[in-house]
Amino acid sequence: MKRIVGIVLAVLGFAGIVWADSTLSLTGAGATFPYPMYSKWFSEYHKKDPNIQINYQSIGSGGGIRQVTEGTVDFGASDGPMTDEQLKAYQDKHGFPVLHFPTVLGGVVPTYNIPGVSAELKFTPEALAGIYLGKITKWNDPAITGPNSGVNLPGEEIVVIHRSDGSGTTYIWADYLSKVSLEWKSKVGTSTSVNWPVGLGGKGNEGVSGLVKQTPDSIGYVELIYAIQNKMPYGSVKNSSGAFIKADLASVTAAAAGAAKNMPADFRVSITEAPGKTAYPISSFTWLLIPSKFSDAGKRDAVKGFVKWMLADGQNYTEALSYAKLPKEVVTKEIRALNEVR
Amino acid sequence: MSTATTIVPSAGPVAGSRSFLSRLREGDEIARMITFLFAASVVFITALLVYELWVSSVLPRHKFGLSFFITRVWDPVFDNFGALPFIYGTVVTSAVALCLAVPLGIGASIFLAELAPARLSDTLEFFIDLLAAVPSVIYGVLGIFIVVPLMRQFVEPALKNSLGFLPFFKGPAYGIGFLTAGVVLAIMVVPYIISVSREVLLSVPRDQREAALALGSTRWESTWKVVVPFARTGILGSIFLALARALGETMAVSMVIGNAPTISASLFSPGDSIASVIANQFTEATGDLYTQALIELGLVLFLLTFILNGLARILIVTTSQRGSGQGNA
Amino acid sequence: MNPRLRWRKFVSNFMLTMTGCCALIAVSVLFFILGNLVYHGGTSINWNFFTKLPVPVGETGGGMANAIVGSAKLLLVATLFGVPIGFLGAVYLAEFSGNKVAFVVRYAADLLNGAPSIVIGIFAFTLVVRPFKHFSTLAGGVALGIMMIPITLRSTEQFLLSVPRNLREGAMALGASKWKTIVTVIVPAAYRGILTAILLAFARVAGETAPLIFTALGNSYWSHGWNEPTASLPVVIWNYALSAYDDWHRQAWAAGLVLLALILVINIVARAILSRGVSVPRA
């Protein structure tokens, strides 16, 4: 017995030793969508400056907003911009505002599984909205067959698949549908989790794609990255200029460039249905949430240094991981905005 | 020789004759107080948890009041929240899980305790305990990729063809839904039943078994009619553990239940459970009313557990008047 | 042999075979899961896995050393926090308490057991993380420890109560005080069951993800001491398994395999160490 107690105490003591070191440690948490990108960036930045360790964990955009407001993390990250109430809550709690900095872009694509159909389908906004509202129930509905004249679509019931967990992907999808369909906007609305009129839920991109693959005559939506990395077939979507765009990194960046002209100074903007001939209509930014005041000068400089690096060299790492880079217009605006972090 | 009678555990220190000081000196009173402190801390932690949930769900409680229990809508955009579909889903999936896990678990524990040679029993026990350690994410992923197709292609059509006249087996079979979630849950809770029941069965005194056999019963009869009833409170305790685990399971269920807030008699239908909704939506929930509504769901689950536990206890008390074994569960 | 006896014998053989089948099903499920883990993740297990820190997607040579150590630290704190409460509480219920108090404590433990793990995580967040304004291993350990309490308590109580009466009476007849009886006779007699209870609780929390998300958070680097966020195997598995990258999927399976292997080893070692010195013959 004494032996065991002795061993336990020794292990405790050993593990409890705090290494004295000069590294500056920062903790950030939030959005899951950019997690692979951020881990690559923070790792590269650490190689560049080994004294700075930035630990980012993906706990969800809601979690990121909550934790940065609570002050338990040094910065947050979110796939959807903070609302006015949340900004006010932060301001009230800390006495200074929190700033948004877009980092990369992503897109959401419609994926489907129709036995006998291997062609790439073209979807109009009306078709997508109708399917997800439960109004369009069969694959051979005119709204779907219209732009797909060469394809033989069956008369089967469409099995609609959506996300079961709250996510930025759902936010982007619902935001797009709200813009293209008044009925969706008034009945369902936009949020990380909505009251779906029809359909089954799968957890994560993995869950949705798994369900779509296994369920005949189904349709679902997944992140572009996921579709690319897993070589999934997906359809093209008609954008605001009338062109059917199949999502890829270039068309997503084009959407941000198109929206850059009218972007608000705080970068809180939705870029779905963005103007531009080559823009992919279901695209979105993801943001870092950075406090405008740091009590620790070391941390502040580390964060600012990282963001500067991210806007320049960092953007070169995006393509390899299938993220779309920020357009030049947005980068210039952000560099200027960085001065507000004191 | 005393084994045929009911064993009543000692209730409190030896009555009367020893003074407080003598008990203190002998360490009994200190032991009593220390252990009481720890037992009380359990109640304290639970009470604190309920209190925190209560305090953190103030917004939806004021807005919806009791209608939270009967509303079927869950709309984060328009801030309309109701718990009914999730209560239904929790109850149904736990019921399916227990219906599958209890016979399987008790059967397996009987085998391990009564029939298997000691070494085999111990070895198998190590492995079955491991089932309790598998992270629920892995159960979920295996559920999606193996259990769901199995259900959709073989099990559910078979059930539909043979028992399709029952309301439980009607409707389209997608593979995900209440039944699949129940099956996955059953696998997750079975190790608790097996592990604890086996130990309890092993601790039944040998003379019980031998007395039955001496009276001419078959092996099965002595096991089922004498040994198992003797161990009934332990076995029932293990079922409580399993039930609690089933009610609170988040990850695995959320991946196979279909996540549609529907209430349907059919087991093939997709649905949702309280724990799964909280797990799915809490990290991404923005907005105070939404977050607090999820916490209120946690409170509802507590209430559900409270009621189910109470019902189960009543059931035990009414059926344990007859038969042997310890008197409390 | 009369027909009734023949029937009873048949029933007996049949039912006993059925129980064998039940055990077979339970064990085969486990081996099926293990097989899947090995099949999908086996290729990712190498020396790097156990010694290196994680690397971003696309780079090779990374591992989960910090997650393995982190899980070990979390489980240590959880055990030190949850097991004494569960065990000593059970001793009180089995040996000292009256029926009313016992009823309340048992009920509370069952309630606690049924709480979804994410709720416990949120609870530990409000208790340990929010006041101190940072995530920590300690907070994660507390969350897991709270989850260990009910299983430990209820099962230990069962096993203490099942110690035969004559053992207790024998000790008392020899003049032992109550607590001495407990320490020297009752607990050793029930030790097998108690160990089972503790190991079961341990196994349960070893695989839990949700409570750790808001308490220990996660860490891409080494976590020093007890006050920093730490990586853990279940959280890493969760992050990797639900990602888009095949390489991360494989690593998630591998991590699951490692986690199970560790639990198995701890199981075996614990039973081996604590089996010396006591032998109450199996009934």
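**View 1. The open three-stranded sheet of chain A.** In this predicted model, three strands of chain A form an open sheet in the order β5-β9-β10, with mixed pairing; strands pair if DSSP finds at least two bridges between them. Strands β5 (122–123) and β10 (244–245) of chain A are at the edges with a single partner strand each, so one side of each lacks a neighbour in the sheet. Helices (H or I, at least four residues) and strands (E, at least two) are DSSP runs, numbered from the N terminus. Residues are numbered from 1 along each chain as its sequence is written, chains are lettered from A and ligands numbered from 1 in the order in which they are written. Local features need pLDDT of at least 70 and side-chain atom pairs count only at pLDDT 80 or more, whereas totals for chains, interfaces and linings use all residues.

**View 2. Pairing of β5(A) with β9(A).** Two bridges join β5(A) to β9 (residues 236–238) of chain A in the parallel sense. A:Phe123 has A:Val237 in β9(A) as its bridge partner.

**View 3. The fold of chain A.** Chain A contains 13 helices and 11 strands. The C-alpha trace spans about 70 × 60 × 35 Å along its principal axes. Of the 342 residues, 54% are buried (20 or more other C-beta atoms within 10 Å of the residue's own, C-beta atoms being placed from the backbone).

**View 4. The contact between chains B and C.** Chain C contributes 87 residues and chain B 85 residues, two residues being in contact if their C-beta atoms, placed from the backbone, lie within 7 Å. On the side of chain C that touches chain B, α1(C) gives the most, with 18 residues.

Note on methods:
Buried ≥ 20, exposed ≤ 12 C-beta atoms within 10 Å, placed from the backbone.
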